[in-house]
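Me: I would like a close look at one part of this model, with the cut-offs behind each term spelled out. Please go through it carefully and then connect it to its surroundings.

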Amino acid sequence: MKISIMGAGAVGSYIGHKLAQIRVNATLIARGSHLETMQKHGLYLETNDGVKIVPVKATDSIESIKNSDLIIYTVKTYHNDDVAKQISKYINPYAKVLCLQNGITSWKDLENIIGKNTIIPGLIYIEAQMKKPGYVNQQGNVVDIVFGSIDSSQNDVVYKMSDIFSKAQIPFTETKNILSEIWKKWFFIAVLAGMTCAFNTNIKSVLANTQTHEILKQCMKEIEEIGIKKGYQNDSSITESIYQYLIDESDDLIASMKLDLDNKKEIEIDALSGAVIKLAEETKTDCPVNLDIYNRINILYNNYSQD
């Protein structure tokens, strides 16, 4: 099986490194100094087990996907229109795309451009960041790629992908309820990224402060109401499990959007806090707390952009 990893930043590079260790035919599609470093010196991955370096195949050519059986898609959501259109030019008719983005409708947005039943919806739980070009740091105790086929035409690729992930020791979960799982992950990220960006701090500090802790609870209640109206959850059990996870893992949780905001990079606000506002409008849900979060982040981002 030939695999391409589209948008090999921290998450894509973590997967690429694991695949390279067992010599899977995988190509990382990246750009800039990260690409150049990987091509010249290989890819470093730092985990709780130490630091390993492996040589990897890396390119900036999207055309390189044309012979791939599977494309693992870890591109930032704000690049979707451009990148998806390019993929649609070169993807072979039998290939599938595993979408691991944060957005609640990302997989569907890709399907509308690339083709029906081409996209395998998925998500990834991981704390990973690029320490420097060619060097990825994976933190914490949780790594899990969750995915599930939505059409029988995807079953063969899903079976082969599961086998490869198992051999590469990449933790994964195959589920028949992938859309519900995507909601849970999006809910979690929308809260984590929204609160830490809006108040420009880490989640441990948010939880330690009485005022921001209460705001976090209100933020979650608003999203829960949307989820119930949309049919993604039936009660507060998902909300409670996310809340407890935020508490239990607060030492290690870092939202990639917070890192991007700190580094004055473009952020995925439209796929997260912006999507909360959009869903609130669709479901006629009053979300004053999430609207305030969205506005606070926009103010911070615009101020950074003008620096």
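Why are Glu225 and Lys229 of helix 8 (residues 210–230) separated by about one helical turn?

Reply: Glu225 and Lys229 are 4 residues apart in helix 8 (residues 210–230), and therefore about one helical turn separates them. Helices here are DSSP runs of H or I with at least four residues, strands are runs of E with at least two, and both are numbered from the N terminus. This is a predicted model, in which local features need pLDDT of at least 70 and side-chain atom pairs count only at pLDDT 80 or more, while totals for chains, interfaces and linings use all residues. Residues are numbered from 1 along each chain as its sequence is written, and side-chain values use heavy atoms, with hydrogens and water left out.

The side chains of Glu225 and Lys229 meet in a salt bridge with an N to O distance of 3.3 Å, the term requiring a side-chain nitrogen of Lys or Arg within 4 Å of a carboxyl oxygen of Asp or Glu. Glu225 has a relative accessible area of 36% and is therefore partly exposed, and Lys229, at 41%, counts as partly exposed as well; on this scale buried means under 20% relative accessible area, exposed means over 50%, and partly exposed lies in between, computed with a 1.4 Å probe and protein chains only.

Asp292 and Arg296 both belong to helix 12 (residues 288–306), where they sit 4 residues apart, about one turn of the helix. Asp292 is partly exposed with a relative accessible area of 36%, and Arg296 counts as partly exposed at 34%. An α-helix has 3.6 residues a turn, so residues three or four places apart point the same way. Another bridge connects Glu63 with Lys66, with 3.7 Å between the closest N and O atoms; Glu63 is partly exposed at 38% relative accessibility, as is Lys66 at 42%.

Among the 9 aromatic pairs of the structure is the one formed by Phe188 and Tyr245, which is edge-to-face, at 5.4 Å centre to centre and 75° between the planes. Rings of Phe, Tyr and Trp (for Trp, the six-membered ring) pair if their centres lie within 6.5 Å, and planes under 30 degrees apart count as stacked, over 60 as edge-to-face and the rest as tilted. Because Phe188 lies in helix 6 and Tyr245 in helix 9 (residues 237–248), this pair ties together parts that are 57 residues apart in sequence. Phe188 counts as buried at 4% relative accessibility, whereas Tyr245 is partly exposed at 24%.

Helix 11 (residues 273–283) is mostly covered, with 8 of its 11 residues buried. The buried residues of helix 11 include Val276, Ile277 and Leu279. After helix 11 comes Lys284, whose phi is positive, near 55°.
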